[in-house]
Amino acid sequence: MKCNLDGEFSKGELQRFGNIEVSPSAGVLNYGQGLFEGMKAYRKQDGKNILLFRPEENATRMRSGAERMCMPAPTVDQFVEAVKATVLANKRWVPPAGKGSLYIRPLLMGTGAVLGLAPAPEYTFLVYVSPVGNYFKEGVAPINLIVESEFHRATPGGTGGVKTIGNYAAVLKAQSIAKSKGYSDVLYLDCVHKRYLEEVSSCNIFIVKDKVISTPEIKGTILPGITRKSIIDVARTQGFKVEERNVTVDELLEADEVFCTGTAVVVSPVGSITHKGKRVSYGEGSFGPVSEKLYTVLTSLQMGLSEDNMNWTVNLS
Ligand code: PMP
């Protein structure tokens, strides 16, 4: 059965950032009925125009996540309009070109009161923004990952394929332990075979071997990243062969390059991966040639430094 997505969302209004009031028995607080998106707006070099990147993709992903979480969702148009209005109202917070971006956080949650386990009777959709710099403290320098051996973030049939808040609660412990040991983040394996790569806590993973780019296929336990999808298209346009398939943890040993993709991390080179106490290193403290090319093509497009022949950016001025 498909959950009904046709809840009514009336047009909201712009408000100053501040606390919101919800019932202690709100669905989101008790049963985790919450979904979010992450997007970025970049200021163009003219200092005036601001670019959004594929906002309708985030809207569509929120709608499919809402179906999994038994929530109604805003239409694609409502979502995109709310994002545009929020960014335009916060134009002055979009950093100058080359100095970061405005991170955009659309959030959908069950705010209606519900005591017995059931979908909430009412929902709230809101958007807030914040200027940001680089996601990892390393900047765009290579990150160091550890393959997680104790915890999993997603199971087959679970909610790993949608951007629901509980998925992030599940990774906090693994990520904190990894960070306390000096790693940048955790790389998850599938929980059935403990052999296939899944993703990092907040980004997708790619390996490069002999100029062939491979990334785990989408099969319900990893998030279908919009950067992942865009990088696959960019790479194919640049003449690379890209495979979406099961990638084994052993392939990390042979890879020429490993990199991560996501809205926050953009394209981040991986400098090392530790698995069962063995550390494999990649590159010499910077991007490998393939990931560097993809990073440059994608960010030039997102920042308006090159012509958008993919038709992916939305201009706001
Ligand atoms: N996987 C997870 C778990 C994430 O949180 C994100 C960030 N949204 C991604 C992958 C990358 O997705 P996107 O490229 O759409 O930001």
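Mentor: Start with Y103, which is found in strand β4. Strands here are DSSP runs of E with at least two residues, helices are runs of H or I with at least four residues, and both are numbered from the N terminus. One caution: this is a predicted model, where local features need pLDDT of at least 70, side-chain atom pairs count only at pLDDT 80 or more, and totals for chains, interfaces and linings use all residues. Residues are numbered from 1 along each chain as its sequence is written.

Trainee: Why is Y103 called partly exposed?

Mentor: Count the other C-beta atoms within 10 Å of its own, with C-beta atoms placed from the backbone: 20 or more is buried, 12 or fewer is exposed, and in between is partly exposed. Y103 has 18, so Y103 is partly exposed.

Trainee: Which residues is Y103 in contact with, leaving aside its neighbours within four places in sequence?

Mentor: G38, K40, V129, S130 and V132. Contact means that the two C-beta atoms, placed from the backbone, lie within 7 Å. As for V87, it is 16 residues from Y103 in sequence, and the C-alpha atoms are 9.5 Å apart.

Trainee: V87 belongs to α3. How do you know that the length of helix α3 agrees with what it should span?

Mentor: The expected span is 1.5 Å times one less than the number of residues. Helix α3 (residues 76-89) has 14 residues and should span 20 Å; its end C-alpha atoms are 20 Å apart, so the two agree.

Trainee: What makes the buried residues of α3 line one face?

Mentor: The buried ones are F79, A82, V83, T86 and V87. Seen down the axis of α3, they fall within an arc of 125°, so they line one face of the helix. The arc is that of the directions from the helix axis to the C-beta atoms.

Trainee: Which residues other than glycine have a positive phi near 55°?

Mentor: K194 has such a phi, and so does V266. Most residues other than glycine have a negative phi.

Trainee: Are K194 and V266 buried or exposed?

Mentor: K194 has 12 C-beta neighbours inside 10 Å, so K194 counts as exposed. V266 has 20, so V266 is buried. K194 lies in the loop between β7 and β8, while V266 is in strand β13.

Trainee: Why is K11 called exposed?

Mentor: K11 has 8 other C-beta atoms within 10 Å, so it is exposed. K11 sits in the segment before α1.

Trainee: How is the protein divided?

Mentor: Into domain 1 (27-132) and domain 2 (143-302); the bounds come from an automatic or database domain assignment. The contact takes 19 residues from domain 1 and eleven residues from domain 2. On the domain 1 side, α2 gives the most, with six residues. The centres of the two domains, taken over C-alpha atoms, are 24 Å apart.

Trainee: What makes up the shell around the ligand, by class?

Mentor: Three nonpolar, eight polar and two charged residues. Ala, Val, Leu, Ile, Met, Phe, Trp, Tyr, Cys and Pro count as nonpolar, Asp, Glu, Lys and Arg as charged, and the others, Gly among them, as polar. L223, G225, T227, G262 and T263 come nearest of the 13 residues around the ligand. A residue is near if its C-beta atom, placed from the backbone, lies within 6 Å. The largest share, three residues, comes from α5.
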